[in-house]
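Notes follow in the order I looked things up.

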Amino acid sequence: MSFAISDIRVFVYETLLDGGRMPTAADMAEHFGVTRDDVVDTLRTARIGKTLLPDPHTGEIWMAGPFSARPTTYEVRRGARRWWANCAWDMLGVANLVGDPVDISARCTDCGNSLDFQFAPATGTVPDWVVHFLVPARRWYDDIGFT
Amino acid sequence: MSLFRSEEHVGRWLRDTGHTRGAVVPLSIVLELSRAWYADPREPSWRPRTRDESQNVLASVGLTGEFWELP
């Protein structure tokens, strides 16, 4: 089977949204009938920013914007499916991509108290909370993990 | 892009950590931003936005000025 970065992109997001988990490079290799190295090389050279960002050491996907492969304090759930978002902005991005009502769990960055709410993309009301953007936009991609 | 219960909590966190204040945006605006920013990557027609397209998305929800200028 041949594959391109666009095929990987669609597979990653379908697996995320339908299955609630980030696929591994081995999952993608098996799906496309290629080697894991083929997948890792394709991800490394794609350079589509945070849309599919591989870990530089393992080659596994670290971020598939707005999703994080690793646990964060921004968690979105629907039934048995659970996703992590990279930041407060991304937790709403995840919810919008899920498209159905979700439960969102986060924490206040200052006091650490739980900030939980139910969110329905169709109606789109959110609590009266705020988001602090520490890094100006010109430096967002200097260190995307820190941003 | 970190979540806070209120502006007061942002101020306390900045004092405690020594970070410089960036921009504080209501979660309702961040919701508008997330809707405009994230197209469905499962769509075959999906493509990365250009820098100018991203800048326009920020401006469309009122995020303008030097702090919001992309490189």
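**Entry 1: A:Ala25**

Leaving out neighbours within four places in sequence, I find A:Ala25 in contact with A:Arg36, A:Val39, A:Val40, A:Gly59 and A:Glu60. Contact here means that the C-beta atoms, placed from the backbone, lie within 7 Å. A:Ala25 belongs to helix H2 (residues 25-32) of chain A; helices (H or I, at least four residues) and strands (E, at least two) are DSSP runs, numbered from the N terminus.

Buried or exposed, I asked of A:Ala25? A:Ala25 is buried, because 21 other C-beta atoms lie within 10 Å. The cut-offs are 20 or more other C-beta atoms within 10 Å for buried, 12 or fewer for exposed, and partly exposed in between, again with C-beta atoms placed from the backbone. I also checked A:Pro101, 76 residues from A:Ala25 along the chain: their C-alpha atoms are separated by 30 Å.

**Entry 2: what I am looking at**

This is a predicted model, in which local features need pLDDT of at least 70, side-chain atom pairs count only at pLDDT 80 or more, and totals for chains, interfaces and linings use all residues. Residues are numbered from 1 along each chain as its sequence is written, while chains are lettered from A and ligands numbered from 1 in the order in which they are written.

The model scores ipTM 0.96 and pTM 0.92. For chain B I get a mean pLDDT of 95, with 100% of its residues at 70 or more; pLDDT is the predictor's confidence in each residue, from 0 to 100.

**Entry 3: the A/B interface**

I looked up the contacts between the chains: 35 residues of chain B touch 35 residues of chain A. On the chain B side, the elements that give two or more residues are strand E1 (2-4), helix H1 (7-17), strand E2 (23-26) and helix H2 (27-37). H2(B) gives the most, with 8 residues. By class, this side of chain B has 21 nonpolar, 7 polar and 7 charged residues. The classes are Ala, Val, Leu, Ile, Met, Phe, Trp, Tyr, Cys and Pro as nonpolar, Asp, Glu, Lys and Arg as charged, and the others, Gly among them, as polar.

Which strands of chain B does E8(A) join? Strand E8 (residues 130-133) of chain A runs antiparallel to E1(B), with 3 bridges, and antiparallel to E2(B), with 4 bridges. Two strands pair if DSSP finds at least two bridges between them.

Chain A is divided into domain 1 (5-65) and domain 2 (75-119), with bounds from an automatic or database domain assignment. Their centres, taken over C-alpha atoms, are 23 Å apart. 5 residues of domain 1 are in contact with 8 residues of domain 2, and the domain 1 side has 3 nonpolar, 2 polar and no charged residues.

Among the contacts of A:Ala85, not counting residues up to four places away in sequence, I noted A:Pro66, A:Phe67, A:Met91 and A:Val94. A:Pro66 sits in the loop between strand E2 (61-64) and strand E3 (67-68) of chain A, and the peptide bond from A:Gly65 to A:Pro66 is cis, with omega near 10°.

**Entry 4: the chain A sheet**

In chain A, 7 strands form an open antiparallel sheet in the order E1-E2-E3-E5-E4-E6-E7. Strand E1 (53-54) and E7 stand at the edges with a single partner strand each, so one side of each has no neighbour in the sheet. Further in, A:Val76 stands opposite A:Ile104 in E6(A).

A:Asp116 is found in strand E7 (residues 114-119). A:Asp116 is exposed, because 12 other C-beta atoms lie within 10 Å.

Technical notes
Contact = placed C-beta atoms within 7 Å.
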